[in-house]
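Please read the following report alongside the sequence and the coordinates.

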Amino acid sequence: MSIDLILFLVLALVAVATALGMLFSRNAVYSALFLVLNFATVAVFYVLLSAPFIALTQITVYAGAIMVLFLFVIMLLGAERLPASPALPWQRPLAIFLALVLIAETGYLLLFRQAVTATVSLPQTDVFGSPSQVGTALFNQYLLPFEVTSVLLLSAMVGVIVLTVRKKGERE
Amino acid sequence: MDAALIWEWVIKALFLIFFLLGGFAYLTWYERKALARIQVRYGPNRAGPYGLLQPIADAVKLIFKEELTPSMADKVIFILAPIVTVVPVMLMAATVPWGPPIQLFGRTINMSVADLNVGVLYITSIASIAVYGIVLAGWSSNNKYAILGGLRASAQMVSYELALGLAFVLPILLAGSMRLMDIVTKQAEMGWFVLIQPVGALIFLIATLAEIGRAPFDMPDAEQELSSSYHSEYSGMKFALFFMAEYEKMIVICAIAATLFFGGFLGPGVDKWPWLGPIYLLAKIIVLLFLMIWVRATFPRIRYDRLMALGWKVLLPTALGLVFVTALGILLAEAVNPAMLWIIPLLSLVAGVLAVGVIERALRRKEYARR
Amino acid sequence: MTTAAPHDVPHTVQAGTPDLAARFPGLVAPDERSGYSGWIVTADHLVQVATALRDEFGYDLLSSVTGVDYLPEGKMEVVYHAFKTTGGPGICFKVQTGRDDPQVPSLVSVYPGAELQEREAWDLLGIKFTGHPDLRRILMWEGFNGHPLRKDWQEPYYEDEAKPFKSRSPEGHVYRFEDRNPFGDNVRYPEDFDPEKWTPENPEDLLYKSLKTYQAESPDGIETDHIVVNMGPQHPSTHGVFRFVVALDGEKIVNLKPVMGYLHRNHEKIGERNTYLMNMPYTDRLDYLSPMSNNFAYALTVEKLMGITPPERAEYIRVIMAELTRIANHCMCIGSLLNDLGAFFTPMIYLLEERDLILDVFEATAGSRMMVNYFRFGGVARDIPEDALEKIKGLAFERLPRILDEMDRLMSENEILRARGIGQGVLTAEDAIRYSATGPLLRGSGVPYDIRRADPYSIYDRFEFDIPVGKNGDIYDRYIIRLEEMRQSVRIIQQALKQMPEGPVMVGKPQYQFRPPVGESYGRVEGPKGELGFYIVSNGKPTPWRYHVRAPSFINLTAFGPMCVGQKVADTVAILGSIDIVLGEVDR
């Protein structure tokens with residue numbers, strides 16, 4: 001076993017454990033923290049795959065920004081204690097059904113589509129996954145999706161502002 | 001991976017950690033002394049000559065203080081929070097280069113713990129993690145002041161990260177690399193970036209003040225309003241960890257500011273004598289630290305909503321404008337004439353004056369509606 | 001010392017005040033007791049008369065509301081003093097009621113500034129003000145047994161009516177009461193009250209309920225929770241043990257109630273037992289940052305009662321001391337205001353240096369830096385020593401003008417101070433008058449009302465000085481006004497030093513005990529914090545029958561809640577700092 005494999009197995013264990021912890025924790029704050037840990041583990045995977053740029057972006061965006069907002073919402077609403085029983089009666093059967101579908105799909109892929117699981121050799125150059133490479137790809141190959149995403153985010157922002165802004169005449 | 005490399009890392013990391021710990025202790029002394037001189041007082045002068053043993057006395061006091069945990073607190077997170085606050089700060093210091101590479105025992109040794117090719121991004125991502133400690137400390141204390149303070153502090157940090165991130169972009173653009181070492185070496189040929197992008201450096205300094213919660217942005221521990229907010233329930237060593245995080249953050253942020261805008265370890269004679277590098281960097285850090293202390297002694301605190309307004313409505317657009325100006329200048333310098341680079345400071349000064357004008361107009365005395 | 005009563009003339013309408021008996025025939029009668037003045041209004045028509053006074057005669061500032069318990073006559077009397085903000089003498093009107101279950105209509109609807117004072121009268125004297133919106137105890141705690149200022153109220157281990165207690169020196173041996181009862185508790189509980197079983201919910205409920213009455217429904221029908229936050233009594237920015245309860249909508253304040261009395265020692269009860277002179281050192285402890293001014297007001301009141309005037313030199317010394325106190329107080333106030341805004345002690349320490357130099361003068365003159373006990377009835381305790389006079393001259397002519405300009409340059413144009421001060425905590429001129437605000441708080445709102453000018457006392461009519469007035473009534477204006485008032489004080493001191501004659505500093509022979517003639521007297525000065533008034537009723541004994549302090553810090557707090565509504569939590573601290581309170585005076 002190479003050192004990379006041992007690392008991978010340990011990290012995978014952590015990733016799965018934190019994901020389960022996030023699901024089963026009764027306290028929403030703990031769930032959020034498990035999720036943060038999960039994101040961090042995924043970031044380490046990216047580092048193992050020689051993509052430090054993606055790894056650090058993952059931490060900055062998900063752990064640093066999005067999860068902080070999650071925590072905000074949880075704390076502000078005082079929703080950290082989850083109710084003991086599920087809120088929706090049809091939720092559990094639906095979840096089980098969807099999980100089965102997912103397992104079936106993954107099994108099909110693993111068993112009959114050998115090609116996807118073939119090892120891809122990583123290009124061991126310094127340039128791979130570097131900021132300049134990611135930037136070039138983003139602004140040439142994926143220009144349209146990139147711009148569409150930015151417009152989407154902008155419209156979401158405008159929507160939020162429209163919703164929260166008070167009408168004139170109301171007390172400021 | 002040979003054993004020597006691992007030893008090199010361990011030794012460098014230990015050096016850095018001890019530097020930060022010692023620096024933290026003596027930064028408190030330095031701050032108290034500098035504040036005292038500004039305020040026509042003596043400052044600590046009882047423990048040892050010039051009060052030099054004061055930090056040690058403080059440390060002993062804090063270690064032996066009783067540790068209290070509120071009965072309704074979330075114990076695990078309550079203990080975890082100070083640790084989560086301190087560790088990222090130490091991690092952040094890893095990428096700062098302390099000098100040019102040196103030859104020792106037949107090896108080339110980099111003078112930074114980790115010379116990442118995404119060093120700047122690394123700093124922002126670790127800085128964004130540091131928020132957790134504060135949010136969790138506020139929440140787990142189960143205290144209204146603490147939770148309000150924690151939420152405030154983290155909202156402030158998240159908001160100023162944007163302006164800070166854009167200020168990071170300026171040296172990246174100028175150097176064409178995210179590696180801190182490259183940024184420093186580029187400054188050797190182009191001159192300190194503070195000369196090319198003075199407004200950017202200013203925004204960086206303002207945003208860092210807010211990011212680490214120093215006066216006049218010290219909302220997180222606005223003693224007069226929230227009786228020291230998120231760490232109000234902490235005592236003893238756990239409190240000391242928050243304290244430590246704040247002061248180490250000051251040191252690290254000053255080191256980063258010195259590296260990005262003030263030429264890092266550069267100085268006369270560094271090429272010939274590499275050991276001058278750490279000394280120059282330290283000197284720059286001390287000067288920047290004094291700037292922070294000076295600001296604290298001079299300015300009252302900004303109110304929270306105005307602080308947010310400053311971050312979102314002034315600093316962020318200005319920083320965006322500066323990024324545009326810088327990119328424009330670089331393109332012109334490449335396409336037309338290298339001297340066109342000096343369009344950057346000119347245009348950015350215009351942007352800075354515009355921003356100041358906006359603040360001035362907002363502050364100008366208006367006829368306010370009488371309630 | 002002459003003790004001839006000047007009041008033995010039959011009642012006439014004081015020049016410049018309206019003849020209320022002619023305006024309200026049958027409802028208002030002149031107060032014809034010897035030594036008394038003013039009008040007695042029938043309780044049922046109090047609101048009507050007060051409204052007319054405010055709207056027809058222009059007495060828009062209700063300065064003082066207090067009660068007197070006339071036990072021998074079996075009466076309770078509520079005494080009101082109202083003034084015009086345009087200046088001139090005030091008017092005093094009274095309401096009389098029986099001692100058992102005394103009830104008087106509340107004047108809060110006419111003068112909202114009466115709110116806290118009526119609560120105080122209810123708390124200490126048990127006078128019910130019908131129609132008061134929030135009649136709770138204010139200085140004593142809920143569940144306190146009785147009303148301590150009633151003459152038939154006796155504290156646990158009651159000894160004697162007036163000091164010195166005869167019971168404490170049996171056969172000539174003096175002992176201290178504390179030695180006799182070192183650990184015993186000296187609290188007496190009401191009949192139906194058991195401290196072991198009592199839970200603190202009820203009075204808090206009372207307080208929080210009064211907060212809720214102001215809660216408005218949100219316009220879009222979304223139910224929002226208001227967080228109730230207690231600031232204090234242990235809070236670094238309340239300048240002592242002051243507490244206020246804020247109802248918050250997010251970080252915006254929807255309602256605020258001050259809670260006080262943590263430092264209450266019943267100054268007025270103590271005053272009723274002490275002889276007149278014994279009270280002088282007690283007044284130092286009211287507003288311990290401006291003791292000279294407290295001395296001044298008390299001395300003026302008693303002198304008015306006795307009909308004596310101090311010699312010329314003493315008048316000048318009094319003015320110099322009072323103005324030095326004003327400077328010292330404003331130094332402290334501006335320093336701590338800046339601290340409240342989050343400046344890290346730098347302005348505070350710069351200003352404390354000046355205050356210390358002034359306290360040096362006090363020490364050289366009176367023997368004490370803060371608790372001066374310097375004024376006497378008919379003069380001052382001793383003359384200013386030569387070296388102290390030199391120090392004052394140095395301060396007034398050289399150092400203070402320079403330092404004040406320096407402070408102005410250092411602070412006034414600071415962006416953050418302007419951002420946090422301008423437009424924050426606005427109190428309009430009309431509101432300021434309605435809430436009986438006085439001092440820099442009132443002048444900051446644009447009302448040029450300074451007792452030194454409006455109704456000059458002592459020798460203030462001889463000096464040239466300006467009354468600084470603000471425009472917007474915000475925190476910044478109050479700050480600027482204080483800075484400017486210090487400059488004006490320096491001007492007054494300069495003139496006083498030039499004009500000061502030689503001569504005695506005390507009229508007659510000093511005496512420890514005397515009996516002023518029967519009567520009442522209300523004396524007031526423009527203290528650094530506002531109108532400081534003393535209301536004293538004498539029944540010809542060596543101790544006052546009633547001794548009331550009209551404390552500016554306390555009454556200015558009436559406006560605190562309204563000023564804060566709509567502001568952020570951070571601003572309450574700054575607003576409180578700009579009111580400038582001292583808890584020794586608020587709680588008395």
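The paragraphs below take up these topics in turn.

This is a predicted model, in which local features need pLDDT of at least 70 and side-chain atom pairs count only at pLDDT 80 or more, while totals for chains, interfaces and linings use all residues. Residues are numbered from 1 along each chain as its sequence is written, and chains are lettered from A and ligands numbered from 1 in the order in which they are written.

Chain C contains 20 helices and 15 strands, where helices (H or I, at least four residues) and strands (E, at least two) are DSSP runs numbered from the N terminus. Of the 588 residues in chain C, 49% are buried; a residue is buried if 20 or more other C-beta atoms lie within 10 Å of its own, exposed if 12 or fewer, and partly exposed in between, with C-beta atoms placed from the backbone. Among contacts in chain C between residues at least 6 apart in sequence, those joining residues at least 24 apart make up 69%, a contact meaning that the C-beta atoms of two residues, placed from the backbone, lie within 7 Å.

| Domain of chain C | Residues |
|---|---|
| Domain 1 | 1-138 + 140-165 |
| Domain 2 | 267-587 |

The C-alpha centres of domain 1 and domain 2 of chain C are 25 Å apart, and 34 residues of domain 1 of chain C are in contact with 41 residues of domain 2 of chain C. On the side of domain 1 of chain C that touches domain 2 of chain C, strand 3 (61-70), strand 4 (75-83) and helix 3 (114-125) of chain C each supply at least two residues, and the largest share, six residues, comes from strand 3 of chain C.

Not counting residues up to four places away in sequence, C:Ala432 touches several residues, among them C:Leu427, C:Leu441, C:Val447 and C:Ala559.

In chain A, A:Phe34 lies in helix 2 (residues 28-48) and counts as partly exposed because it has 19 C-beta neighbours inside 10 Å. Leaving aside neighbours within four places in sequence, A:Phe34 is in contact with A:Thr18, A:Gly21, A:Met22 and A:Ser25.

Methods. Domains from an automatic or database assignment.
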